[in-house]
Amino acid sequence: MAETAVYPGSFDPVTNGHLDIIERSAKVFNKVVVAVLHNRNKEPLFSVDERLTMLRESVENIPNVEIDSFNGLLIDYVRQKQAKTIIRGLRAVSDFEYELQAASINRKLDPEIETFFMMTNNQYSYLSSSIVKEVAKYEADVKELVPTPVTAYLYEKYGPFSGE
Ligand code: PNS
């Protein structure tokens with residue numbers, strides 16, 4: 001098995017699509033560090049601490065996953081973790097352009113660090129944190145979209161599913 005890989009993102013909040021990537025990459029790498037970015041330009045719904053808590057509760061049954069946060073350039077963080085691999089999930093062609101740009105700049109910054117892409121399970125190809133927030137905002141059911149512990153955090157922000 002390969003060594004440590006870093007799976008970075010906003011995770012605002014973690015979805016079942018993210019969890020699928022985490023579970024599958026944990027079978028390929030000895031250790032997967034899920035890293036939440038601190039300094040986003042857009043205003044997140046959840047604080048970094050809330051996002052870390054939701055992630056920790058969602059992966060508690062996967063022993064080789066660590067949950068952490070980072071500031072600044074991803075490549076600096078990956079080096080600091082002594083990792084050589086970045087993991088990203090690809091859902092649809094629409095993800096490709098941004099991911100190509102990000103992987104290219106990261107390779108330019110450090111050619112020793114590789115980006116590995118994993119195709120998101122078809123079942124989750126439509127899913128994103130933004131879609132989840134949109135659904136939760138209108139008090140629709142999110143339980144098939146996010147890991148079980150996350151539903152309670154969404155209900156806390158937006159109120160419970162109105163169909164129950
Ligand atoms: O979940 P997201 O929002 O698609 O994740 C994007 C993320 C956090 C991977 C990307 O914005 C990032 O790596 N930001 C850190 C700053 C950086 O290193 N930028 C250069 C590569 S895009």
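**Chat about the helices, core and loops**

Biologist: Let's start with Asn106: buried or exposed?

Modeller: Asn106 is buried, because its relative accessible area is 11%, and the cut-off for buried is under 20%. Keep in mind that this is a predicted model.

Biologist: Where is Asn106 found, and what does it touch?

Modeller: Asn106 belongs to helix 4, residues 93-109. Leaving out residues up to four places away in sequence, Asn106 touches Leu74, Ile75 and Ile86.

Biologist: OK, on to the nonpolar core. How many residues are in the largest one?

Modeller: The largest nonpolar core has 33 residues. Tyr7, Ile22, Val34, Leu55, Val65 and Leu154 are the ones with the most contacts inside it.

Biologist: And which elements give two or more residues to this core?

Modeller: Three strands do: strand 1 (2-9), strand 2 (29-37) and strand 3 (65-70). On the helix side there are helix 1 (16-25), helix 2, helix 5 (129-137) and helix 6.

Biologist: Pick Val65. What does it touch?

Modeller: Val65 touches Ile22, Ala26, Val32, Val34 and Val59, again not counting residues up to four places away in sequence. There is also a second, separate core of 12 residues, and Val6, Ala35, Leu37 and Val78 are among its members.

Biologist: Back to helix 1. How many of its residues are buried?

Modeller: Eight of the 10, so helix 1 is largely enclosed by the rest of the structure. The buried ones are Asn16, Gly17, His18, Leu19, Asp20, Ile21, Ile22 and Ser25.

Biologist: What caps the N-terminal end of helix 1?

Modeller: Thr15 does that, with a side-chain oxygen 3.1 Å from the backbone nitrogen of Gly17.

Biologist: Phe11, buried or exposed?

Modeller: Phe11 is buried, at 2% relative accessible area.

Biologist: Switching topic: at what angle do helix 2 and helix 6 pack?

Modeller: Helix 2 (residues 48-58) and helix 6 (residues 148-158) pack at about 150°, and their axes are 8 Å apart. That makes the two helices roughly antiparallel, because the cut-off for that label is over 145 degrees.

Biologist: Which residues make the contact?

Modeller: Helix 2 puts in Glu50, Thr53, Met54, Glu57 and Ser58, and helix 6 puts in Pro149, Val150, Tyr153 and Lys157. By class, the contact has four nonpolar, two polar and three charged residues.

Biologist: Which residues of helix 6 are buried, and what do they pack against?

Modeller: Val150, Thr151, Tyr153 and Leu154 are buried in helix 6. The buried residues of helix 6 pack against helix 2 and helix 5. Just after helix 6, Gly159 takes a positive phi of about 95°.

Biologist: One more loop, the one between helix 5 and helix 6. What is the phi of Glu139 there?

Modeller: Glu139 sits in that loop, and its phi is near 55°, a positive value in a residue other than glycine. Glu139 counts as partly exposed, at 30% relative accessibility.

Technical notes
Residues numbered from 1 in each chain as written. Predicted model: local features only at pLDDT ≥ 70, side-chain atom pairs only at ≥ 80, totals over all residues. Heavy atoms only, no water. Axes fitted to C-alpha atoms, helices over the stretch in contact; angles between N-to-C directions. Helix = DSSP H or I, 4+ residues; strand = E, 2+ residues; numbered from the N terminus. Parallel < 35°, antiparallel > 145°, perpendicular 65-115°, else oblique. Contact = heavy atoms within 4.5 Å. Nonpolar A, V, L, I, M, F, W, Y, C, P; charged D, E, K, R; others polar. Buried < 20%, exposed > 50% of the residue type's maximum accessible area, 1.4 Å probe, protein only. Core = buried A, V, L, I, M, F, W, Y, C linked by side-chain atoms within 4.5 Å. Polar contact = N/O pair within 3.5 Å; in protein donor to acceptor, adjacent residues only side chain to side chain.
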